[in-house]
Amino acid sequence: MGIVTKYTQCGWAAILVCVGVTQASAEAGVGFLPYQNPVSVQNGQVLYDQNCASCHGAELEGEPDWRAPKENGRMPAPPHDASGHTWHHPDSVLFKITKFGTAKVVGQGYQSDMPGFSDALTDQEILDVLAYIKSTWPERVVEMHNARN
């Protein structure tokens, strides 16, 4: 069962209300990350450097050999640049993974080194980090990501 299919309707509603997405933007397929807001992007870059770069790389490059499990069986931190798979997930999934951690979102005993940041970052700060990441993608990747929303 994929990450997306694990959500309940109630979980989706909570995420959408939490981040203040409007029905119009959801219908437009753009999503709710403020990647075109320079203040959010700038704040997100600072927060990314402080909270994410140690694993995902200062240039969003991820850990080496990120597609192969580490010796402990866990997956390395993937890149968040256009070469990675971050953009394959809709905003709601990215938000939930960042807030609660990969293991909690995937469930079924999945083990991950990706922690949740619900105690360290506000919801807006999480959105800003994701906005920064998305702002670095080429336009074609942004368009593909927007289509996933």
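Modeller: Helix α3 (residues 38-51) packs against helix α7 (residues 123-135) at about 95 degrees, with the axes 7 Å apart; axes are lines fitted to C-alpha atoms over the stretch in contact, and angles run from 0 to 180 degrees between N-to-C directions. Helices are DSSP runs of H or I with at least four residues, numbered from the N terminus. That angle makes α3 roughly perpendicular to α7 (65 to 115 degrees).

This is a predicted model, in which local features need pLDDT of at least 70, side-chain atom pairs count only at pLDDT 80 or more, and totals for chains, interfaces and linings use all residues. Residues are numbered from 1 along each chain as its sequence is written, and side-chain values use heavy atoms, without hydrogens and water.

On the α3 side the contact (heavy atoms within 4.5 Å) includes Gly44, Leu47 and Tyr48, and on the α7 side Asp128, Val129 and Tyr132 are among the residues involved.

Among the buried ones are Asp123, Leu130 and Lys134.

The largest nonpolar core has 24 residues, of which Tyr48, Val129, Leu130 and Ile133 touch the most other members. Such a core is a set of buried Ala, Val, Leu, Ile, Met, Phe, Trp, Tyr and Cys residues joined through side-chain atoms within 4.5 Å. Its largest share, seven residues, comes from α7.

Terms used
Helices (H or I, at least four residues) and strands (E, at least two) are DSSP runs, numbered from the N terminus. Angles under 35 degrees count as roughly parallel, over 145 as roughly antiparallel, 65 to 115 as roughly perpendicular and the rest as oblique. Buried means under 20% relative accessible area, exposed over 50%, partly exposed in between (1.4 Å probe, protein chains only).
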